[in-house]
Structures are given as structure tokens and as C-alpha cells.
Amino acid sequence: MSQMPTRIMTPSRIKRNPWSRRAFLGGAGAVVGLPFLESMFPTRAARADLRQVPLRLVNFYVPNGIHMPAWTPQTEGADYDLPPILASLVNEQAGVSLREDVLVLTGLSNEPSRPDGPGDHAAGTAGFLTCRHIRKSETDIQCGISMDQVFANKIGDATPLASLQLGIEGGSNQGNCDSGYGCAYSRNISWANETTPLSKLTAPKLAFDLVFGGFDPSASDEELARRKAYRLSVLDYVKEEATQLMGRLGKSDAEKLDEYLTGVRDLESRLENGESLACDSGGFDASFTDFREQVDVTLDLMVLALQCDATRAITFMLGNASSGRSYDFLDVVGAHHDISHHGDDPENFSRLQTIDTWEVAQFVRLIQRMKEIEEGESNMLENSLVMFGSEIEDGNSHAHTNLPILVAGRAGGAIQSGRHMVFDGEPVADLFTSMLGALGVSVPSFGDDGTGPLQGLT
């Protein structure tokens, strides 16, 4: 696990040196990364030349497929219709207008993720970002590097954390989770190499400490207890330095810094006081009383981690493969996985549409928040690529073709968004080749069946 930096750039050092790509407030062993401020970029030419604003990659996974009839636009191009499940992309009353920021892609396939016999959920999830055919085994695991890690490896040590893996449902990587496929396949979408899944953090408190306080999830219970007993607010450590820095900033930067620090303090307070978030690093607590709040806090944390440049690569799993979560708060009766085996029952179609609509709304909440964060003459979403998708097309057919995919953002202008594009079975691996290229990582192809960049995205 990457560690937070030990070298701290204090305000006194900033006075003598130009702004670096990253700047920190630090004291008493704490480090808080600053958001990108106008003061970091003296001239427009310097901004363009140095590409100070980073490009980011976020992958947002949802389990059990999507009810495609209510997902798929009936028209192509920029004037595509918004089907019911995607309706939250535009909400005039809430001030949301994201149609022009999102690509809706239909017709892409991930053939390598077909299993050897039963096991579509595990194989599809393992292949979600790897586009690799996996070995059917509980113990002899073999997959492949995921596209987020290709990006993270290229970044190197530009950020304290090369990547961040987050999710809502936890669990061990040991055992059989789907028809003879090991749980490592069902519970991870990020893979460092063929045999190493990168396990996700499901407790926002642990993830917060990792991003903002250099927390080590492998610390002993005694070390964790000692840290908790003596721990002050991360921002209390840096209060004096933040005050000094605030006085030297222009009005716009001062307001931006104040908003950022207020957001960090608010998030920390929510995590400290929220009993429903008191789960440990061992995985998701089944007694968790507020699933929606956990999702909200995790999405906020993702934005803050990107904003302070703690990482530029994040993966998020809203659930594990074949998740059986109940959505009672949506008045949907039954487990998600069971409902996804709809059997062409109209009542199940209605339930799936309700669940899928809520899932997309969480994605919309994330990218809307990213769009609201200004970066020079642009915004965070403009400088990112955020992909939404699932391991299969439909929970009943378990199809690995016509996958439900959204891509938000433009990677700094490299991607032409705001369209519905229809493909004819091209591999999703080619989409990943194009996404990586737009983010500055040139690869000739990706995965088992990649042929090169996907045509028409740029």
C-alpha cells in the first residue's frame, strides 16, 4: 500500500519556491493536500505548457446487470432521447444538466469474461476492467492487470496513493463465491497483475484516514486504539498553517481553500459521529443501518481524494458480484440478484428499473459534484474520465454482449462526449485502449481480444 509523503511543503517553503504540482499543509505528522488553486498557475501559458491540472480515471461498478429496455436510448447521436433509467442526467429543478458531459455506449462486448460453464457473475466482474478470461479455481487464481492499474503504473509516484479501491460490500477473497470461481474474482475489479487483486476499503473512516492522515490499514488493534484515543481533527493539525496561507491568497483562491477545508472537516465530522459508519477493515458489516449514507460519504470522499490529488485513479464497487442486497428504502421487495433473474416477469422489470435508476442517480451525484469543482478555466469532470458499468448485460440472460456503459468527462478535451453511440459487438477492451490514450497512456491494445482504439470517441 502506498504511503503518504514524509516531506511536507510548508507555507514558508512555498514563499521561496514556485508552486509545485502538489502542495501540502502539514504539522504534527499530518498532511493535507491542497486543491488546485489559481495561484499555482501564474500564467495561462504556464498552465497549458505544464498541464498542471491532472487527468483522472474513476471506474464505477454496479452488480447484476441493467434492465436494458429502460436503459437504451432509441436514437443515436447528440440528440438522443433519455430513457427512464438515465433520466437523472438532466434535472432542471435540481440544477443538473449532464447530457453533454456523458457518452452512452451500447453494443460493446466483453467476450473474454464468459465463464467456463456457470459463473457469469464472477467471471464478468473479474473481467470488468481486465478483459481477461480467468482460470476457474478457488485457490489457483489467474486474471490480468486491470486498465486502472495500467494508468496508475504510468503515473508512478506523482501522487501519494497510486490508486484507491473503495466499495460498499466487503468479504474475504477466500472461498467459492460463484460456481467454483474464487471469491477474489467476485469481490474485486482492480488487479495489479495476473494473481494479485487489489482489495477495496469498505469503511469510509479507514479510507479517510488513509487519504488524509497516512493511516495504515495493516496496523494492529493496539495501534489503532492508540491513534483513536489521541487523534485530533486532521485540520486541527494544520489550522495555523492554513490561516497563514489564507492571508496570502487572492479572494478567489481563499474562497476555494476555505470551501475545500470546510468540506474535509464536514466529512470527517460525519464519519466521526455516524454510528452507522462504524465498521472495521474486515469488511462490510451486515448490520449497517444506513446504506445510503455510506454511499453518500464514500462518493464525497472520492471527490475529495481527487481534489487534493491524493490519487488520480479510483475504483468503486457499489456491490459485489451477484449482490443480494435488498432495496427496501426504494419500496423494492426482494434481493437484487434474485430479482435480476426476472424470468420476463413485468413486476421484476419494474423492480429492476427502480434499482437501476437509483444506481445511475448515484453516478450522477458523483459526476455532478466533480463538475462543480472549478480547475482554472475548466472543472474536475472535464479533466477526468468516469466509467459506469456492470459485469453483464442482463441478470437473466447473463449476456456479456451489449454491455451497459456510460463514460463521463472529456479527459481534458480528448474525448467528444454528449452522444449515444451504438456499436456492433466491438470489444470493450478497445474502449479501454481509447480511454487510456486520452489519459496520456499509449497502449497498442488491451486484454485478450483488444484490437486497438475504439473508433469515433475523439
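Reader: Is Glu372 buried, partly exposed or exposed?

Author: Buried means under 20% relative accessible area, exposed over 50%, and partly exposed in between (1.4 Å probe, protein chains only). Glu372 has a relative accessible area of 47%, so this residue is partly exposed. The model is predicted: local features need pLDDT of at least 70, side-chain atom pairs count only at pLDDT 80 or more, and totals for chains, interfaces and linings use all residues. Residues are numbered from 1 along each chain as its sequence is written, and side-chain values use heavy atoms, with hydrogens and water left out.

Reader: Where is Glu372 placed?

Author: Helices are DSSP runs (H or I, at least four residues), numbered from the N terminus. Glu372 lies in helix α13, residues 346-372.

Reader: Which residues form the negative surface patch?

Author: Patch residues have over 30% relative accessible area and no salt bridge, and like charges are joined within 9 Å. A salt bridge is a side-chain nitrogen of Lys or Arg within 4 Å of a carboxyl oxygen of Asp or Glu. Here the negative patch consists of Glu255, Asp258, Glu259, Glu372 and Glu374. Helix α10 (residues 251-273) gives the most, three residues.

Reader: How many disulfides does the structure hold?

Author: A disulfide is a covalent bond between the sulfur atoms of two cysteines; the cut-off used is a sulfur pair within 2.5 Å. The structure holds one, joining Cys177 to Cys183 at an S to S distance of 2.0 Å. The torsion about that S-S bond is about 90 degrees, so the disulfide is right-handed. Cys177 is partly exposed at 26% relative accessibility, and Cys183 is buried at 3%.

Key
Patch = residues over 30% accessible without salt bridge, like charges linked within 9 Å, V, L, I, M, F, W, Y side chains within 5 Å. Areas by Shrake-Rupley, 256 points an atom, 1.4 Å probe, with all protein chains shown as cover. Lys, Arg positive; Asp, Glu negative; His and termini not counted. Charge placed at Lys NZ, Arg CZ, Asp CG, Glu CD. Helix = DSSP H or I, 4+ residues; strand = E, 2+ residues; numbered from the N terminus.
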